Amino acid sequence: MDERHTLRVRLRRLRREAAKFGTVGALGFLVNVAVFNLCLHGLGLAPVRSGVMATAVAIGTNYLGNRYWTYRHSDKSRMSREAGLFLLFSGVGLVIENGALAVSHYALGFTSPLADNIAKNVVGMGIATVFRFWSYRTWVFRGGSAGGRALDVPAEKKREDRRVLLK
């Protein structure tokens, strides 16, 4: 196989992975925005408290989607380690996301509902999403397409790989 073909295959896999991650993220985004606005406007909670609660609910949604769809081919033998790392990196994303909201609302004085939503759900979530994609594929869901294993490897090659691993 020449290098250009290999690069095309890797880019195709990365595009597929990013599309699935984005789809799961879109669902998580909808959950996040809905819960944030429900807590903020429906329940009258403080902006950052509403943001943290919304992000926590979305983290659960995203874990299920990423584990069982985006990265379903990744190694499942260490799921407790995976879940711990997912929560760690999701927690960092939570701080990024809601830190942008806190700076906007409390430090800069942008307190309108629109400003709160832009700070948390556009600026904060945008930065946090880039961080999460990198950290999940690098540290959490290793062993699938993110870890360099081909998803469309012939069955015979997969058996050979398993035999090598078992030796």
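This briefing walks through the helices, the core, the salt bridges and the surface patches of one protein model.

The model is predicted, so keep its rules in mind: local features need pLDDT of at least 70, side-chain atom pairs count only at pLDDT 80 or more, and totals for chains, interfaces and linings use all residues. Residues are numbered from 1 along each chain as its sequence is written, and side-chain values use heavy atoms, with hydrogens and water left out. The protein has 167 residues, and 37% of them count as buried. Here, buried means under 20% relative accessible area, exposed means over 50%, and partly exposed is in between (1.4 Å probe, protein chains only).

**Helices**

- Count the secondary structure and you get five helices and zero strands.
- Read from the N terminus on, the elements go α-α-α-α-α.

**The nonpolar core**

- The largest nonpolar core has twelve residues, among them F21, I59, Y71, F89 and F141.
- A nonpolar core is a set of buried Ala, Val, Leu, Ile, Met, Phe, Trp, Tyr and Cys residues joined through side-chain atoms within 4.5 Å.
- Helices α2 (47-70), α3 (79-107) and α4 (113-140) are the elements that give two or more residues to this core.
- Helix α3 supplies the largest share of this core, with four residues.

**Salt bridges**

- Side chains of opposite charge can pair when their charged atoms come close.
- The rule for a salt bridge is a side-chain nitrogen of Lys or Arg within 4 Å of a carboxyl oxygen of Asp or Glu.
- That rule gives a count of four salt bridges.
- In one of them, the side chains of E17 and R137 meet at 3.1 Å, N to O.
- E17 sits in helix α1 and R137 in helix α4, so this pair ties together parts that are 120 residues apart in sequence.
- E17 counts as buried because its relative accessibility is 3%, while R137 counts as partly exposed at 22%.
- R67 and E82 also form a salt bridge, at 2.3 Å from N to O.
- Since R67 lies in helix α2 and E82 in helix α3, the pair ties together parts that are 15 residues apart in sequence.
- Both R67 and E82 are buried.
- R132 pairs with E97 in a salt bridge, and their closest N and O atoms are 3.2 Å apart.
- This pair links distant parts of the chain, with R132 in helix α4 and E97 in helix α3, 35 residues apart.
- R132 is buried, with a relative accessible area of 8%, and E97 is buried at 0%.

**Surface patches**

- Patches are made of residues with over 30% relative accessible area and no salt bridge; like charges are joined within 9 Å, and nonpolar side chains (Val, Leu, Ile, Met, Phe, Trp, Tyr) within 5 Å.
- R4, R8, R12, R15 and R16 form a positive surface patch.
- For charges, Lys and Arg count as positive and Asp and Glu as negative, while His and the chain ends are not counted.
- The place of a charge is taken as NZ of Lys, CZ of Arg, CG of Asp or CD of Glu.
- R8 is found in helix α1 (residues 3-42), and it counts as partly exposed because its relative accessibility is 47%.
- A nonpolar patch is formed on the surface by L114, I118, V122, V123 and I127, with about 460 Å² of accessible area together.
- Accessible areas come from the Shrake-Rupley method with a 1.4 Å probe, and for residues only the protein chains shown count as cover.
- I118 belongs to helix α4, and its relative accessible area of 40% makes it partly exposed.

**Around F36 and G51**

- F36 is part of helix α1, and it is buried, with a relative accessible area of 0%.
- F36 and G51 are 15 residues apart in sequence and 5.5 Å apart in space, C-alpha to C-alpha.
- P47 lies in helix α2 and counts as buried at 9% relative accessibility.
- P47 and F36 are eleven residues apart in sequence, with 8.1 Å between them in space, C-alpha to C-alpha.
- N121, in helix α4, counts as buried at 7% relative accessibility.
- N121 and G51 are 70 residues apart along the chain, and their C-alpha atoms are separated by 9.1 Å.
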